[in-house]
Structure formats: C-alpha cells, structure tokens
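Keep the structure open beside you as you read.

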Amino acid sequence: MKLNRVGFVGWRGMVGSVLLQRMMEENDFSLITDPVFFTTSQTGQDGPDVGNGKKALVDANDITTLKNMDAIVTCQGGDYTSNIHTELRNQGWNGYWIDAASTLRMAPEATIILDPVNQPVIEQALADGKKDFIGGNCTVSLMMMALDGLLNANLVEWISVMTYQAISGGGARQMEELITQMGQVYARSKPLLEDKNASILDLDKVVIDTMRSDQLSTSQIGYPLVGNLLPWIDKDLDSGTSREEWKGSAETNKILARDDRPIPIESTCIRVGAMRCHSQAFTIKLTKDVPLGEIESILDSANDWVSVIPNQREASLNQLTPAHVTGTLDIPIGRVRKLHMGGEYMSAFTVGDQLLWGAAEPLRRMLRILSQH
Ligand code: NAP
C-alpha cells in the first residue's frame, strides 16, 4: 500500500540527513505519494529533491498543513515534539507520528521502535490502533541489536554496561568542535614534534597545557574532549545516575514489553573522542550456564546485522572498532568470553553507528511497516 501524504520535519539536521540518505538508497520514497518537507527556519526555500523535483519548504509550525498529513516523521528535536505533537493531538489529528526525539518514548500510548528486536510489539501496537512510534536512545538500540539473541531467548538475568559514546550524539556542531580541538592541540605541538631533540615530557606538557587553556574551543562540548574523556552524558537526575544511564534500563525494558518483569540494567555512560560510533562493554549474568559456542551462535544468528567477531587480537583490532564500523549497518559483537565468577557470567564488546541503527534506520523501517498495513 502506498502512503499518501507524509510530512518530514528536521530532515536537514544530522539524524534527518542520514534518514533521507538511507531512504534514497532504499528507494523508500517510491512508497509515498506526496512527501512534504517542513522547516522551522527556511519556509519558502527549496526543499530536497527526492525524485520529483524540488518543492518549497512549508512552515513546520503550520498546524493546518500538518493536520493534512497521514504521517509525520520528525527529527527536529524534543522542544518541537512537545509543542506540536500536543497541539495536533488536541486538535484531533489521528495520523502516525514517527519521532527521533526522546520526549514521548516513555509515554504509555507510545511505542519504541526497533523492529528487528520488537516487531511483535510494534505489530500489536498497530493492531491496538496506536499512532505514536518513537525511535529509541541510540545506545539502547545498538545494545539491543547486539544482544538480540540472548534477550529474546530470555537468557539475560542482568547487564552491567560501560559505554564509550561518540561525539555525534551531541550533534553536528560538537563533531566540528572535536576536530577543531584536535587541530589546536596539533598546532601547539607541531614545533616540538618537528624538533628531534625535544623531550617527550615537554611535548606532553604542551598538550595538557593546551587542553587546560581557555584557548581550546569548548563552546559546544563544554569541556576538552581531545585527549580526554567525559564520564557524564545528558542530565543529572540527582540520584547518582545520568539521564543517559537511566534510559538504558527504562527503554530496554519498554522495547521488550517487560515493564512488569524488568531486566536490571546498570550503565556508566562515557563520552569519548570517537566520531559517530558508540562502543559498549557488557558484563552479563545469564539465567543459566550456556556453553560459549552456543552463546556465540545465538548472538550471531539473531538478526541480519549482528555478527560475532572471534575473540582474538587481530580480529578485534581490525573489525571491532569505530573506524571499521562507521557508515555501515553492521553490528559486530566480540570479546565474548566466560568470566571467572562462574559459568553464568560472560562479557562482550560491541560497536555500532549511532546515526544508522542508533537513530535513522528504525524510523525509515517504520514507514515501510506502515506501508505494508
Ligand atoms: P540537529 O543536527 O541539531 O538538527 C535539528 C534541526 O536544527 C534541523 O532539522 C534544522 O531545522 C536545524 N538546524 C539549524 N542549523 C542547522 C544546520 N547548520 N544544519 C542542519 N540543521 C540545522 O539535530 P540531530 O542531532 O539531528 O537530532 C534531532 C533529534 O534526534 C533530537 O531530538 C535528538 O535528541 C534525536 N536523536 C539524535 C541522535 C544523534 O545521534 N544526534 C540520536 C538519536 C536521536 P530547520 O531546517 O527547521 O531549521
């Protein structure tokens, strides 16, 4: 079935740009009769050409036009969602709302979408007449794609996660600032790097002095990230955990429809200087002692994108890194081993592009699911 009028808001932001790129690659616009592109800042300017020429952008705050859409896909952000979704629903709009922002994720009427993992939950929501379908937190979605096999086989008793999250999670301007910081450190270090007699301690001092100086650009990230890491992401919940860490447990259990019997998940979320791949190290207690080979085969066969990387040095260093995975839909999981604590304990490490499975991919796949209903 063709979708009739679908509105796109936030399509030129970082998540929105990746969404459009993927939709073009997969020929998704052939499923939509009339795609309409909205903007909060460029009304009347040319929209993107997705196959039928460019049309003028429509004001994203124009409720009357939005109400004519059968579905709205938004990557505009939480403030937009708070204002416009509420207004549209108050005015009786009954279309599908597909959103990258976190605002509605935990709302009872909303479904968090990650169809390779929770297709039955999505199908049930559609059957129940639900209309709000929200992409999950990037770290959560990537973890669930990687651990899909163990989660769906009910083999997970609890998970402890250490994350190593890319700067792209902070938006395009923070990505730019990380590169600027790299350049500033290099510029100050260059004379010493070129001086064969310079001591490593002098070089080290120039680097740390630059990182600590007010000449390092920090207006977007807030702190030095080059040569550094930041052990806090998102808001402080005043409970010893960050909002990012809270999402790990809350969203995972909602995606699995396990709110009544949640899997305990504890996270420590850390920003590192990677560009757009999040990495995560898991310690997992299984519900029973499963042989390692069986664990690997359960993980590897869970969906079309996850693959187990042999727990060997060369394979890990070549295939289990942000540099290798960026720009692909691959979800490698490796460093899989049993722990000395006992047969039910294992660890693993995964990497995934947080703009693809972590943000844009579940949204475009939701449009496909709708087109099949
Ligand atoms: P973003 O890059 O800041 O883009 C959001 C909007 O900012 C754009 O649609 C655009 O709206 C406006 N904008 C202003 N200046 C711009 C410029 N120079 N280039 C492009 N756009 C510009 O936001 P985002 O990172 O894509 O995130 C969008 C939503 O997705 C947020 O709710 C976020 O929490 C969520 N999300 C993000 C990620 C992630 O990894 N970044 C992952 C999952 C979910 P107009 O065209 O209307 O001006």
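## Around the ligand

The ligand has 20 residues around it, and R12, V15, T40, S41 and Q354 come nearest. Please keep in mind that this is a predicted model.

| Residue | Protein atom | Ligand atom | Distance |
|---|---|---|---|
| S41 | side-chain N or O | oxygen | 2.5 Å |
| Q354 | polar side-chain atom | oxygen | 2.6 Å |
| S168 | polar backbone atom | nitrogen | 3.4 Å |

How much of the ligand does the protein bury? On its own the ligand exposes 890 Å², and the protein buries 72% of that. Two elements give two or more residues to the shell around the ligand: helix α1, residues 14–25, and helix α12, residues 356–371. Sorted by class, the shell has 12 polar residues, seven nonpolar ones and one charged residue.

Strand β2 covers residues 32–39, and T39 is found in it. Is T39 buried or exposed? T39 counts as buried because its relative accessibility is 5%, and the cut-off for buried is under 20%. The side chain of T39 reaches the backbone nitrogen of S41 at 3.0 Å. Setting aside neighbours within four places in sequence, T39 is in contact with L57, V58, D59 and A60.

## The nonpolar cores

In soluble globular proteins, nonpolar side chains tend to be buried together. Here the largest nonpolar core has 67 residues, and F8, L147, L150 and I333 have the most contacts inside it. Leaving out neighbours within four places in sequence, F8 is in contact with L19, M23, F29, I32, P35, V36, F37, F38, V73 and L367. Another core lies apart from this one; it has 17 residues, including I72, Y80, L88 and A110.

## The loop between α1 and β2

D28 is found in the loop between α1 and β2, and N27 lies in that loop too. With a relative accessibility of 2%, D28 counts as buried. What does the side chain of D28 make a polar contact with? Its partner is the side chain of R364, at 2.6 Å. Not counting residues up to four places away in sequence, D28 touches R22, M23, R364 and R368.

Most residues other than glycine have a negative phi. N27 has a positive one, near 60 degrees.

## Two exposed loop residues

Phi of D238 is likewise positive, near 60 degrees. D238 lies in the loop between α7 and α8, where α8 spans residues 243–255. D238 counts as exposed because its relative accessibility is 73%, and the cut-off for exposed is over 50%.

K196 lies in the loop between α6 (172–194) and α7 (200–212). K196 is exposed as well, with a relative accessible area of 83%. How far apart in space are K196 and T326? Their C-alpha atoms are 36 Å apart, and the two residues are 130 residues apart in sequence.

Notes:
Residues numbered from 1 in each chain as written. Predicted model: local features only at pLDDT ≥ 70, side-chain atom pairs only at ≥ 80, totals over all residues. Heavy atoms only, no water. Near = heavy atom within 4 Å. Polar contact = N/O pair within 3.5 Å; in protein donor to acceptor, adjacent residues only side chain to side chain. Areas by Shrake-Rupley, 256 points an atom, 1.4 Å probe, with all protein chains shown as cover. Helix = DSSP H or I, 4+ residues; strand = E, 2+ residues; numbered from the N terminus. Nonpolar A, V, L, I, M, F, W, Y, C, P; charged D, E, K, R; others polar. Core = buried A, V, L, I, M, F, W, Y, C linked by side-chain atoms within 4.5 Å. Buried < 20%, exposed > 50% of the residue type's maximum accessible area, 1.4 Å probe, protein only. Contact = heavy atoms within 4.5 Å.
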